[in-house]
Structure formats: structure tokens, C-alpha cells
Amino acid sequence: QVRLVESGGGSVQTGDSLVLNCTASGRSFASYTMAWFRHAPEKEREFVAAITQSGGSQYYSESVKGRFSVSRDTVFLQMNSLKPEDTGTYYCAAVQSGWFRHWDLYDYWGRGTQVTVSS
């Protein structure tokens with residue numbers, strides 16, 4: 001069974017940092033682009049970051065650029081200088097080729113991990 005499992009979420013204060021991890025099982029995702037999305041209540045699922053198969057290219061939304069960093073040595077999302085607007089459920093996703101900002105173009109999804117940032 002192919003699974004992506006996110007971990008590392010929690011409740012923090014404005015300005016704090018968190019690291020989210022995405023653990024894959026059931027197949028190798030070495031040739032997949034890995035991405036992070038988030039979903040806040042009453043908002044659409046939002047692209048956060050993506051890293052290509054080789055790790056050579058990384059993409060970020062404007063809202064997190066300069067604060068978040070994605071890596072795939074072990075797929076994780078380093079989140080610094082967190083703000084209340086970063087609150088949401090964070091999902092790890094994988095797509096076999098290319099990278100996309102739209103969530104429905106990804107092949108595999110985790111179930112998410114909650115991040116809550118209070119002011």
C-alpha cells in the first residue's frame with residue numbers, strides 16, 4: 001500500500017519554527033516531485049512548496065518564500081518565522097513528473113498534520 005505520512009505539526013507562537021516531515025512507504029518516490037500544500041478553514045487548499053526529483057529545483061508560494069525551506073534528503077518542510085496566517089492542515093503530495101501549484105494534479109497524498117500559530 002502506497003502511503004505518505006506527515007508528522008511534526010503542533011501549536012506554536014508567532015515567530016516560532018516547526019519542521020514537518022513526510023515519510024513515504026509502499027514505493028519509491030525518488031523519481032517524483034514532492035510538494036507541500038495547506039488547507040485552512042473556509043479557504044481553498046493552497047500550494048506551499050515543491051521540490052523536484054533531483055532536488056535541483058525548489059518552488060515556493062509568495063506567502064512563504066524566504067521563511068520556509070523544502071528538502072528531500074528526508075522530505076521535510078522547515079518553517080521559520082511562523083505567522084497566524086500559516087495556520088492550517090499541511091499535506092505532503094507527490095507527482096510523477098513536473099510540478100504544479102494546483103492540488104488536483106498530484107498523484108499521492110498524505111492525511112495531513114495540523115499547524116496552529118497563535119499571536
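## The disulfide

Here, a disulfide is a pair of cysteine sulfur atoms within 2.5 Å. By that rule this model, which is a predicted one, has one disulfide. The partners are C22 and C92, with their sulfur atoms 2.0 Å apart.

The link of C22 and C92 is left-handed, with -80° about the S-S bond. It ties together distant parts of the chain: C22 sits in strand 3 (residues 18-25) and C92 in strand 9 (residues 88-95), 70 residues apart. Are these two cysteines buried or exposed? C22 counts as buried because its relative accessibility is 6%, under the 20% cut-off. C92 is buried too, at 0% relative accessibility.

Now for the pairing of strand 3 with strand 8 (residues 75-79): it is antiparallel and runs over four bridges. If you want a spot to look at in the viewer, take V19, whose bridge partner in strand 8 is Q78.

Strand 4 covers residues 33-39. It is mostly covered, with six of its seven residues buried.

For the strand 5 pairing, R38 has E46 as its bridge partner. Strands 4 and 5 form a hairpin with six residues between the strands, and in that hairpin E42 takes a positive phi near 65°. As for side chains, in a regular strand they alternate between the two faces of the sheet.

## A closer look at T33

T33 lies in strand 4, and its bridge partner in strand 9 is V95. With a relative accessible area of 0%, T33 falls under the 20% cut-off and is therefore buried.

What does the side chain of T33 make a polar contact with? One partner is the side chain of Q53, at 3.3 Å. The backbone oxygen of G98 also lies 2.7 Å from a polar atom of the T33 side chain. Looking beyond residues up to four places away in sequence, T33 touches A50, I51, T52, Q53, R72, A93, A94, V95, G98 and W99.

## F29 in the loop

F29 is in the loop between strand 3 and strand 4. Even so, F29 is buried, since its relative accessible area is 6% and the cut-off for buried is under 20%.

Which residues is F29 in contact with, leaving aside neighbours within four places in sequence? The list is V2, L4, A24, M34, R72, A94 and Y108. Take A94 from that list: F29 and A94 are 65 residues apart in sequence, yet 7.6 Å apart in space, C-alpha to C-alpha. R72 and A94 turn up among the contacts of F29, and they are also among the residues that T33 touches.

Note on methods:
Residues are numbered from 1 along each chain as its sequence is written. This is a predicted model: local features need pLDDT of at least 70, side-chain atom pairs count only at pLDDT 80 or more; totals for chains, interfaces and linings use all residues. Side-chain values use heavy atoms; hydrogens and water are left out. Helices (H or I, at least four residues) and strands (E, at least two) are DSSP runs, numbered from the N terminus. Buried means under 20% relative accessible area, exposed over 50%, partly exposed in between (1.4 Å probe, protein chains only). A polar contact is a pair of N or O atoms within 3.5 Å; within protein, one must be able to donate a hydrogen and the other to accept it, and residues adjacent in sequence count only if both atoms are side-chain atoms. Contact means heavy atoms within 4.5 Å. Two strands pair if DSSP finds at least two bridges between them.
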